[in-house]
Amino acid sequence: MKYNITMFAYNESSNIIDSIKSVWANTDSQLGTFHLIANGCTDDTVSQSQRIKKELSFEKLNITELTIGDKCNAWNYYMHELADDSDVHFFVDADVSFSEHCFPNMSAHLLKTQEETVAIAGLPLSGRNINFYRSLVVDRSCFFGNLYGLKLSFISRIRNSSFKLPTGLNWIDSFLTKAVNTNLDFKPRNLPNRVTYLEDTGYRFESLSPFKIGDLKLYKNRIARYELGKMQEYYLDSTDVLYWPKDMNEINLKIQANFQSLASSLPLHKRILAKQRLQKLLAKMK
């Protein structure tokens with residue numbers, strides 16, 4: 001059995017050292033490659049990663065720099081350029097830590113499941129809303145970008161079908177959950193037994209503080225991405241996956257034209273945050 005780990009990082013200077021150390025502490029000899037994909041970083045995330053790689057003698061850590069600051073682009077790059085024939089492929093964020101031996105334990109558990117089970121979700125082990133997010137995994141077969149793993153069979157399906165996420169997509173976790181639960185056809189029904197999990201195994205993170213300016217900014221960004229992502233989802237759900245666009249530019253223009261109706265049910269502060277993010281994305285198109 002062999003597993004890979006891919007960590008996506010965008011300006012994670014304050015977290016990257018601890019996250020890499022947590023991966024290093026909770027893997028074993030079955031680790032193939034630990035890919036760190038730094039997508040569009042403008043801080044010292046890469047130099048810090050290189051330093052800790054040397055300090056830990058973490059030779060299995062492979063650092064890739066992409067100029068585009070987009071997680072979907074980084075995900076596509078791994079799937080179609082870096083993915084190999086490892087039995088399990090994990091994907092993690094760069095601002096979390098991981099439970100003891102979670103990667104070998106989750107790999108072993110996933111590979112023991114039935115053929116149609118192709119994903120394993122890491123469980124949230126901290127946070128104010130831990131019970132709600134745990135229920136999404138247990139009761140609704142969801143998983144989150146903080147930590148999840150995919151079988152080689154599903155990686156191969158992605159590669160063979162040339163499936164890619166549109167760059168600029170804001171609500172990535174929702175679409176990846178749909179991709180797994182519908183086997184990439186995105187029809188309005190879930191296939192059974194697609195996602196599993198392992199009790200007491202997953203990821204931890206520090207809760208955001210209302211007294212830290214940086215945390216408030218991050219919280220607002222999360223709201224904006226989530227609400228704009230739901231609007232983007234409205235248009236993608238009405239489009240056959242075979243005709244999904246390469247990027248979200250045209251859909252964002254449609255959202256701009258219909259923003260008032262799309263956002264009519266949102267509280268004022270969420271409406272403002274979503275609109276600000278939309279305007280920022282549209283400005284990048286020019």
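Q: With helices (H or I, at least four residues) and strands (E, at least two) taken as DSSP runs numbered from the N terminus, at what angle do α1 and α2 pack?

A: Axes are lines fitted to C-alpha atoms, for helices over the stretch in contact, and angles run from 0 to 180 degrees between N-to-C directions. Here α1 (residues 16-25) packs with α2 (residues 45-56) at about 35°, and their axes are 9 Å apart. A word on the source: this is a predicted model, where local features need pLDDT of at least 70 and side-chain atom pairs count only at pLDDT 80 or more, while totals for chains, interfaces and linings use all residues. Residues are numbered from 1 along each chain as its sequence is written, and side-chain values use heavy atoms, with hydrogens and water left out.

Q: Which residues of α1 and α2 meet?

A: Contact means heavy atoms within 4.5 Å. From α1 come Ile16, Ile17, Ile20, Lys21 and Trp24, while α2 brings Thr45, Gln48, Ser49, Arg51, Ile52 and Leu56. Sorted by class (Ala, Val, Leu, Ile, Met, Phe, Trp, Tyr, Cys and Pro nonpolar; Asp, Glu, Lys and Arg charged; the others, Gly among them, polar), this contact has six nonpolar, three polar and two charged residues.

Q: Now the sheet: in what order do the strands stand?

A: Two strands pair if DSSP finds at least two bridges between them. In this model eight strands make an open sheet with mixed pairing, ordered β3-β2-β1-β4-β7-β6-β8-β5. The edges belong to β3 (61-66) and β5 (97-98); each has a single partner strand, so one side of each lacks a neighbour in the sheet.

Q: How many bridges join β6 to β8?

A: Five bridges link β6 (residues 119-124) with β8 (residues 195-204), and the two strands run parallel. You can find Pro124 opposite Tyr203 of β8.

Q: Which strands does α2 lie across?

A: Look for β1 (3-9), β2 (31-39) and β3: α2 lies across these strands and runs at about 170° to β3. Another helix, α6, also packs on the sheet, where it touches β4 and β7, and its direction makes about 80° with that of β7.

Q: What lines the largest cavity?

A: Its lining includes Phe8, Lys71, Trp75 and Tyr148. The largest share, three residues, comes from β4, and the classes are seven nonpolar, one polar and two charged.

Q: And which residues line the second largest cavity?

A: Among them are Trp75, Phe143, Tyr148, Phe154 and Leu176. Two or more residues each come from β7 (147-151), α6 and α7, and α7 gives the most, with three. This lining has nine nonpolar, no polar and no charged residues.

Q: Which residues lie nearest the centre of the second largest pocket?

A: Those are Ser161, Ser162, Phe163, Lys164 and Leu165, out of 21 lining residues. The second largest pocket holds about 500 Å³ of space. Helix α3 supplies the largest share of its lining, five residues, and by class the lining divides into 10 nonpolar, six polar and five charged.

Terms used: 1 Å grid on protein atoms, 1.4 Å probe; cavity = no way out; pocket = protein on both sides within 12 Å on 5 of 7 lines; lining within 4 Å. Points joined across faces, edges and corners; volume = space filled by probe spheres on them.
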